[in-house]
Number of protein chains: 2
Amino acid sequence: MNICTYSYEEYTHLVKSFHGTLAPGLLIGGFIVDLAMKHLPEGKFFDAVCETPVCLPDAVQILTPCTIGNGWLSIVNFGRFAVTLYEKYSGEGVRVYLDTKKLENWPEVRDWYLKKKKKNEQDADLLLTQIKEAGYNLLGVQKVRIDAEKVRRKKMGPVGVCPSCNEAYPLKDGDKCRNCQGETPYSNVESVQDK
Amino acid sequence: MNICTYSYEEYTHLVKSFHGTLAPGLLIGGFIVDLAMKHLPEGKFFDAVCETPVCLPDAVQILTPCTIGNGWLSIVNFGRFAVTLYEKYSGEGVRVYLDTKKLENWPEVRDWYLKKKKKNEQDADLLLTQIKEAGYNLLGVQKVRIDAEKVRRKKMGPVGVCPSCNEAYPLKDGDKCRNCQGETPYSNVESVQDK
């Protein structure tokens, strides 16, 4: 059983190293990304959409060239456990999702995924075992066309220097940067002398 | 010259492997994250905020335990080239930013960063050389307190099954998932038979 070009064991090591813990969502995410790639035409470039920010984006970042920073991975916050890989010009792609109708054979996965058990009531080993057993059998596949403009990050456009903080910012945001317009999460900002 | 626990060369290899290209923003990002970590109290856990989605989040993901999927990295879309590392309970942290006042000594970096030159007018080798020469000298450091609630992703809360698509979704979103409420980027969704 492979996850893309890795053995399952290798993939679990990558998950621990990148994500920090062997999260159930990353293991299912491995099967999701692998199955999506199996349905893509070979040798095509693709972009990725992840329909939740929780766990799943890391499976995409570990297994594909798409990352948050390079912009090939977009996240939409639908809270659905699904990844779409698509050709960026045509928008044609494949969407793989966790199919709730297929959960009944793996009750520990079902109860974790639908939050029917609190964390301290879950059997972590059984959960990981059932995820590995189930593999692709938890998943559904759809051919989709996606409007990439709706999910991709927007171009930054021209840059100016904010008259308030003196840092560069996108001029499309207005005559000050968004931080200085009042969205700042910071208090007590204090310069540190150069060492 | 090191970037966290890596040599500069090692770091450039990691950048190419994870991000795909040796992007200038990732190189400056390496110095930013490294300098922020040098200003943290030793042995403390921390979360990260990145003030732009462009490039910089990948420097954080390569160099720290914080990723998009594990939730320890948050992105706020201010379009400022800055990273804050903070202790999650107190919100006390350090913010490192690209200081526009320090750009004059490295004109190729200035023209790239402030978008004074089109891509085909830039000298890519000179740009990377100046970034490496400049290192920390382009950066400013601030002690900050951050309101983590303003930047961290919200808890998912109870989960239900969407009556429209039959997929699991966060009930706080309403009586259907956000995709089925009309935010969908998809057209032509077509089920693929199990192989």
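At what rough angle do the axes of helix α2 (residues 24-38) and helix α5 (residues 124-134) of chain A cross?

Tutor: This is a predicted model, so local features need pLDDT of at least 70 and side-chain atom pairs count only at pLDDT 80 or more, while totals for chains, interfaces and linings use all residues. Residues are numbered from 1 along each chain as its sequence is written, and chains are lettered from A and ligands numbered from 1 in the order in which they are written.

Now the helix pair. The axes of α2(A) and α5(A) cross at roughly 5° and come within 10 Å. Axes are lines fitted to C-alpha atoms, for helices over the stretch in contact, with angles from 0 to 180 degrees between N-to-C directions. The two helices are therefore roughly parallel (angles under 35 degrees). Helices are DSSP runs of H or I, at least four residues; strands are runs of E, at least two; both are numbered from the N terminus.

From α2(A), A:Pro24, A:Leu27 and A:Ile28 meet A:Leu127, A:Leu128 and A:Ile131 of α5(A). Contact means C-beta atoms, placed from the backbone, within 7 Å. By class, this contact has six nonpolar, no polar and no charged residues. Ala, Val, Leu, Ile, Met, Phe, Trp, Tyr, Cys and Pro count as nonpolar, Asp, Glu, Lys and Arg as charged, and the others, Gly among them, as polar.

Next, the sheet. Six strands form an open, mixed sheet in the order β4(A)-β3(A)-β5(A)-β6(A)-β7(A)-β10(B). Strands pair if DSSP finds at least two bridges between them. β4(A) and β10(B) each have a single partner strand, so one side of each lacks a neighbour in the sheet. Neighbouring strands are turned by 25° against each other on average, direction ignored.

β7(A) (residues 139-146) pairs with β10(B) in the antiparallel sense, over four bridges. A:Ile146 stands opposite B:Tyr186.

Finally, the whole contact. Chain A and chain B give 57 residues each. On chain B's side, 30 are nonpolar, 14 polar and 13 charged. The copies meet through the same surface, because 100% of the interface residues of chain B are also interface residues in chain A. A rotation of 180° with 0.0 Å of shift along its axis superposes chain B on chain A, RMSD 0.0 Å.

Methods: Contact = placed C-beta atoms within 7 Å. Least-squares fit on C-alpha atoms with pLDDT ≥ 70 in both. Parallel < 35°, antiparallel > 145°, perpendicular 65-115°, else oblique.
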